[in-house]
Amino acid sequence: MRIDILTLFPESFSYLNSSILKRAQENGLLEINLIDIRDFSLDKHKKCDDYPFGGGAGMLMSAQPIYDAIKSVQDDNSFIVFPSPSGEKFNVDIAKELSKKEHLIFICGHYEGIDQRIIDIFSPLEVSIGDYVLTGGELPTMVIVDCLSRFIDGVISRESLLEESFSSNNLEYPQYTRPADFKGYKVPEVLLSGNHAEIERYRKEQSELITKKRRPDLLEKIKN
Ligand code: ADE
């Protein structure tokens, strides 16, 4: 998969070039390109924002640099995503759908948002990562790219995907590694027993307890 990220702040994306996503790129599973929207500004000072018509707080990103940046990478297989607090709520199903696309283009908004005509022209998928407003689309883009990448074949192991939270509408059970006793805090005996059926039963029970306590809404989702 190829992902082109259009942003005014390419320097903020170093996270995507570390750890698991770095390895995915080295292994050719994923190609992530950062495109500086400012490079496309036709303004002599490379300005990319302006005052909103009708007044109001702050500045808006102008249509022209974003339009030209999109056109420079868009082809017939491109799917455009615009992270925005006004978008539909991002979840694991959207991540799975996005992971099947051949080419994704992310538009990172900043300031008070972007000129509506970009949305009218390109009809991107607008997604929100939660009911709060961040200063820009860079962090939401990283969240979405990280999450969808995990569903690309080969990026992480199949077992990890199956066991994790949300794959069965339950939150994940607690996990421990060595030592078995850390400052007097002991690993639950059953995990040291070698009895796989018992271990599985314990984990399922923990998973259900945690979900019931913290996210009863997820259990409602199974019933409905
Ligand atoms: N941009 C600013 N806040 C956002 C949010 N909550 N989700 C997606 N994009 C955003």
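Strands β5 and β7 run parallel and are joined by 5 bridges; helices (H or I, at least four residues) and strands (E, at least two) are DSSP runs numbered from the N terminus. Within this pair, Phe82 stands opposite Glu126 of β7. The model is predicted, and local features need pLDDT of at least 70, side-chain atom pairs count only at pLDDT 80 or more, and totals for chains, interfaces and linings use all residues. Residues are numbered from 1 along each chain as its sequence is written, and side-chain values use heavy atoms, with hydrogens and water left out.

The two strands belong to an open sheet of 5 strands with parallel pairing, in the order β2-β1-β6-β5-β7, where two strands pair if DSSP finds at least two bridges between them. Strands of a sheet pair through backbone hydrogen bonds, either parallel or antiparallel. Here β2 (31-36) and β7 stand at the edges with a single partner strand each, so one side of each is left without a neighbour in the sheet. On average, neighbouring strands of this sheet are turned by 30° against each other, direction ignored. Helix α3 (residues 92-99) packs on the sheet and touches β5, β6 (103-107) and β7 (contact means heavy atoms within 4.5 Å). The direction of α3 makes about 165° with that of β5; axes are lines fitted to C-alpha atoms, for helices over the stretch in contact, and angles run from 0 to 180 degrees between N-to-C directions.

The ligand is surrounded by residues including Pro83, Ser84, Pro85, Val127, Ser128 and Ile129, a residue being near a molecule if one of its heavy atoms lies within 4 Å of it. By class, this shell has 8 nonpolar, 4 polar and no charged residues (Ala, Val, Leu, Ile, Met, Phe, Trp, Tyr, Cys and Pro count as nonpolar, Asp, Glu, Lys and Arg as charged, and the others, Gly among them, as polar). A nitrogen atom of the ligand is 3.1 Å from a polar backbone atom of Ser84. For Ile129, the distance from a polar backbone atom to a ligand nitrogen is 3.0 Å, and for a backbone N or O atom of Tyr132 it is 2.8 Å. The protein buries 96% of the 260 Å² that the ligand exposes when taken alone, by the Shrake-Rupley method with a 1.4 Å probe. Elements giving two or more residues to the shell are β5 (78-89) and β7 (125-128), and β5 contributes the largest share, 3 residues.

Methods. A polar contact is a pair of N or O atoms within 3.5 Å; within protein, one must be able to donate a hydrogen and the other to accept it, and residues adjacent in sequence count only if both atoms are side-chain atoms.
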